Amino acid sequence: MLNTAPSTAVALSSAPKLYRLPSLSMVVPNPRSVLVGYSRASVLAIMDKAIVRGYLTISDSEGVSHFGTRTKGCSEVHLKVTRDDFWTRILLSQDLGFSEAYMMGDVQVNNLKAVFDLWLDNEAGMGNLSSTANRIASAISGLSNAFLGQTRWKARLNAIASYDQSNELFKAFLSKEMMYSCALWTDAEGGVRGDLVTGPTPGDLETAQLCKIRHVLTAARVKPGDRILEFGSGWGGLAIEAARTFGCEVDTLTLSKEQKALAEERIKEAGFQDRIRVHLMDYRDIPPSFEKAFDAFVSIEMLEHVGSQHYHTYFKLVDYALKSRDATAVVSASTFPESRYSRYQPEDFMRKYMWPNSCLPSASALIAAANSGSEGRFTLEGVENHAAHYPRTLREWGRRLEANVRQESIIKDYPALADAAEYEVFKRKWQYLFAYAGAGFAKGYITCHMLTFTRPNDCPPSCD
């Protein structure tokens, strides 16, 4: 047995020694800082592998990073990150996140067009930016858009968001005809790059838009006295030209109250109120009096609002309204190449901020729907791709918006834009649209097709 008495005596006769335990407290990282740090590291790692064409510089408070190889004529982009929300936006929402970061001023860019060129040139690698959360959200929004995005009640809401804005805003950047669609540029205006070679000239957009209108009406084979049905009135530009130059009568449909009001005002000013009728109507609600009543049908860039679930119905109604013989249908739309087309298109910048629930068709999807919807009573007469003409149209809209829109003039319709910061966000949204769409058309990411259909056994122009 151990003898413990001596040690006990010492313990009792001595003052106890105090020992300080190590502190159990620790600094808990801010969750936001952790997310930002993870997002930044992830995005930079992906960029290091993704950029194989072009040269990208990203600078922020932590330093400067370079990606790709600088070569003559390459897309050279410098992104200056001003707020670290940029990193989480990119990782969680990819291209939609970048659009929001740009609009909110989280990032500054040296050349917005070059950003999109770089993105599309390295599209394969950029797909790695998509997070699991982003892929799930995209799948859900794609399904929602396909099945619920273009119902009757949603269609009206879509029109309100897209077109029931300030008519003064659209007047500021559109041509005098107020065509919100692709113009056609001829050699007289220097072609599709004339503005880049010799510079834009006054009235060139008006000339190109009038060329487009007349090209469509000529393809529709209209003649004096013909009756035309139009889905998508815009502000009446095509209907007025059809009455003035081609001598036609027009029934045109829109879901936008603002468009209808201004279109009727412009039609009255032109003196054609007895030959043009503007209907506030969903195309699915055309009346029985329209059955086999029209010689021609035209629709310019309205199909983007129809939705893949409704193409068959759309062409069924076109067939219903057109005469059984000697009748022509001409439709145009921004489209996806067949390799990119899907019936389920998720939310992106365009669908969230410009045209809610829109859906780009493909040319072959429309041709198939025209055949099934008409039960074979349409013959495909012509297919044209006008994509090369869109970038110059968008550049001209951008120039006119910059020159004509002023904060003091627009706050009448947008009171919130009295705040300088809100006005800057508004301007950047439109700048983003024109550059984003322009790059898409120029790189072949999206196309712009015009399709012409005739009735079976309708005679072609005199050829014998």
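**Burial, ring pairs and a bent helix**

Biologist: What makes Tyr314 count as buried in this predicted model?

Modeller: Its relative accessible area is 0%. The cut-off for burial is under 20%, so Tyr314 is buried.

Biologist: Is Phe315 buried or exposed, and how do you know?

Modeller: Phe315 has a relative accessibility of 1%. That value also falls under 20%, so Phe315 counts as buried.

Biologist: How many aromatic pairs are there by the ring-pair rule?

Modeller: The count comes to 37 aromatic pairs.

Biologist: What is the pair of Tyr432 and Tyr436 called, and why?

Modeller: Here the centres are 5.5 Å apart and the planes are at 25 degrees. Because an angle under 30 degrees counts as stacked, the pair of Tyr432 and Tyr436 is stacked. Both residues belong to helix α18 (residues 420-442), where they are 4 residues apart, about one turn of the helix. Tyr432 is buried, at a relative accessible area of 1%.

Biologist: Which residue has its charged end over the ring of Trp185, and how do you know that the distance qualifies?

Modeller: The residue is Arg392, whose charged end is 4.0 Å from the centre of that ring. The distance limit is within 6 Å, and the charged end of Arg392 does sit over the ring of Trp185.

Biologist: What makes the link between His279 and Asp251 a polar contact?

Modeller: Their side chains are joined at 2.8 Å, against a limit of within 3.5 Å. His279 lies in strand β7 (residues 276-280). Leaving aside residues up to four places away in sequence, His279 touches several residues, including Asp251, Lys260 and Phe290.

Biologist: How do you know that helix α3 falls short of the span of a straight helix?

Modeller: Helix α3 (residues 85-104) has 20 residues, and a straight helix would reach 28 Å, but the end C-alpha atoms of α3 are only 10 Å apart. The helix bends by about 145 degrees at Ser93. Gly105, with a positive phi near 80 degrees, follows α3.

Biologist: Why is α3 described as largely enclosed by the rest of the structure?

Modeller: Of its 20 residues, 14 are buried, so α3 is largely enclosed.

Technical notes
Residues are numbered from 1 along each chain as its sequence is written. This is a predicted model: local features need pLDDT of at least 70, side-chain atom pairs count only at pLDDT 80 or more; totals for chains, interfaces and linings use all residues. Side-chain values use heavy atoms; hydrogens and water are left out. Helices (H or I, at least four residues) and strands (E, at least two) are DSSP runs, numbered from the N terminus. The expected span of a helix is 1.5 Å times one less than its number of residues. The bend at a residue is the angle between axes fitted to the seven residues ending there and the seven starting there. Buried means under 20% relative accessible area, exposed over 50%, partly exposed in between (1.4 Å probe, protein chains only). Rings of Phe, Tyr and Trp (its six-membered ring) pair if their centres lie within 6.5 Å; planes under 30 degrees apart count as stacked, over 60 as edge-to-face and the rest as tilted. A charge sits over a ring if NZ of Lys or CZ of Arg is within 6 Å of the ring centre and within 35 degrees of the ring normal. A polar contact is a pair of N or O atoms within 3.5 Å; within protein, one must be able to donate a hydrogen and the other to accept it, and residues adjacent in sequence count only if both atoms are side-chain atoms. Contact means heavy atoms within 4.5 Å.
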